[in-house]
Amino acid sequence: MRVRTRSTALAASLVLALAAGPLVVPAVAASAPAARAADAGNATGPDAEALRAAIAGLPDADATAALVRVGGTDGVWRGSTGVHDLASGRAADPDARFRAGSTTKVVTAAPVLKLAAQGRIDLGRPVQRYLPGLFTPTFRPITVRQLLNHTSGIQAGDGWGDSFAAQYAHRFDTLTPAQVVRSAVAKGPEFAPGTRQDYLNINYTVLGLLIEKVTGRPYASVAERLVLRPAGMRDTYFPGADPRIRGPHNHGYQKVTRADGTTGFVDVTEWNQADRFAAGDMISTTADLERLLTSLFRGRIVPPGPQLEEMFTVPAGIEGATYSAGLQRFAHAGRVYWVKSGSRYGYSAVLAGTRDLSRTLVYSVNATDAKGEDTNPVAERIALAALK
């Protein structure tokens, strides 16, 4: 269930870059809390034993905590394990807030589709009409729909660097969405719109600017009014340039290699994510993401009709395409799930569900390699246990 992103392995110079001062704490607590779980299933419901096994033994080298909610008409299972932080070793908060990463894109797609249902946005209209002057003449017309399903051909915008060390050094600095878009536009198009699918944050950064232009209001306020409130997402918010996670939260860590070859963990809980904007700058909880999923699929946010169908429609005629508007199609064990994953350093999250909501999954894993190329082993175990 790994979602392809443009992430880069840690550079060889990481050890030297970190030597100047990030805090390295012990790998695991002296006595890790056992998993806590609640079952309410039936014969065809979640496999409680497999789910308990999937999150057992945390913290370990791969993750420091895991929060899991399996739901739907088949049955319910909830569990949490791991620690709030490595220094104290106290039990992880099962209701903790976390950086939700690219699950933000679901919240961004929904207002665009809702505005389309109201006739304020035409999904087939070029975004250049709504945001004149944003793109150079080298770009062909890019429709709003092509931004939603990642077939725009816009190249990735620049960040603070490719390595963890480079990005960590700028964790309290602000890179604005406008700067990110300018850097992407300066590179010119990667391919003609509608001919390929390439999952990139830049598409949803531009959609955030589109929402602001059409409504005349900040992205965060529109998302709160059109999505968060209707879904009852009371613990979700957009931090902007604030590096903190407000309210109860478990710490996030990045695994690094020390100069002597041993493993250490850098606390990455505080981090300015303003450049993620409408593509990934959201803090949420597993309960809120579950509310988002069920409200959305039941037509309580985007009204039932052609706009909601965009979330369950993969573009035709493009080899290997799996992304729709805000979601990704994932077939497994005879079922089709609609999925969105998200990751920021220290935090990895997923929301997934069948169209009929017979089975849903939301998890937050405090992964120590959240931006790595390979699937985190704890996250993979959870997915395989839950999506049977």
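Modeller: The answer starts with the chain as a whole, turns to the part around R359, and ends with other places in the chain.

This is a predicted model, in which local features need pLDDT of at least 70 and side-chain atom pairs count only at pLDDT 80 or more, while totals for chains, interfaces and linings use all residues. Residues are numbered from 1 along each chain as its sequence is written, and side-chain values use heavy atoms, with hydrogens and water left out.

The chain has 13 helices and 12 strands. Of the 388 residues, 56% are buried; the word means under 20% relative accessible area, with exposed over 50% and partly exposed in between (1.4 Å probe, protein chains only). Taking contacts (heavy atoms within 4.5 Å) between residues at least 6 apart in sequence, 72% join residues at least 24 apart.

Now the part itself. R359 and D74 form a salt bridge through their side chains, at 3.5 Å from N to O. The two come from distant parts of the chain, 285 residues apart: R359 is in the loop between β11 (347-354) and β12 (360-367), and D74 is in the loop between β3 (63-71) and β4 (75-82). The term salt bridge stands for a side-chain nitrogen of Lys or Arg within 4 Å of a carboxyl oxygen of Asp or Glu. R359 counts as buried because its relative accessibility is 2%, and D74 counts as buried because its value is 10%. The pair is part of a network of salt bridges that links D74, R335 and R359.

K388 also belongs in this picture. Leaving aside neighbours within four places in sequence, K388 is in contact with D47, A50, A333, R335, Y337 and R359. With D47, the side chain of K388 makes a polar contact of 3.2 Å. A polar contact is a pair of N or O atoms within 3.5 Å; within protein, one must be able to donate a hydrogen and the other to accept it, and residues adjacent in sequence count only if both atoms are side-chain atoms.

The loop between β11 and β12 also holds L357. L357 has a positive phi of about 60° although it is not a glycine. Most residues other than glycine have a negative phi, and most peptide bonds are trans. L357 is buried, at 8% relative accessible area.

Elsewhere, H150 likewise has a positive phi of about 60° without being a glycine. H150 is in the loop between α5 and α6 and is buried at 3%. T151 is in the loop between α5 and α6 (164-169) and is buried at 2%. The side chain of T151 makes a polar contact of 2.6 Å with the side chain of N149. As for the peptide bonds, the one from L58 to P59 is cis, with omega near 5°, and P59 is in the loop between α2 (48-54) and β3.

The salt bridge count comes to 15. Another of these joins the side chains of R145 and E310, at 3.0 Å from N to O. R145 is in helix α5 (residues 144-148) and E310 is in the loop between α12 (306-309) and β9 (328-332), so the bridge ties together parts 165 residues apart in sequence. R145 is partly exposed at 31% relative accessibility, whereas E310 is buried at 16%. A further bridge, at 3.8 Å, joins D85 and R90; D85 is buried at 8% and R90 is partly exposed at 47%.

Definitions and conventions: Helices (H or I, at least four residues) and strands (E, at least two) are DSSP runs, numbered from the N terminus.
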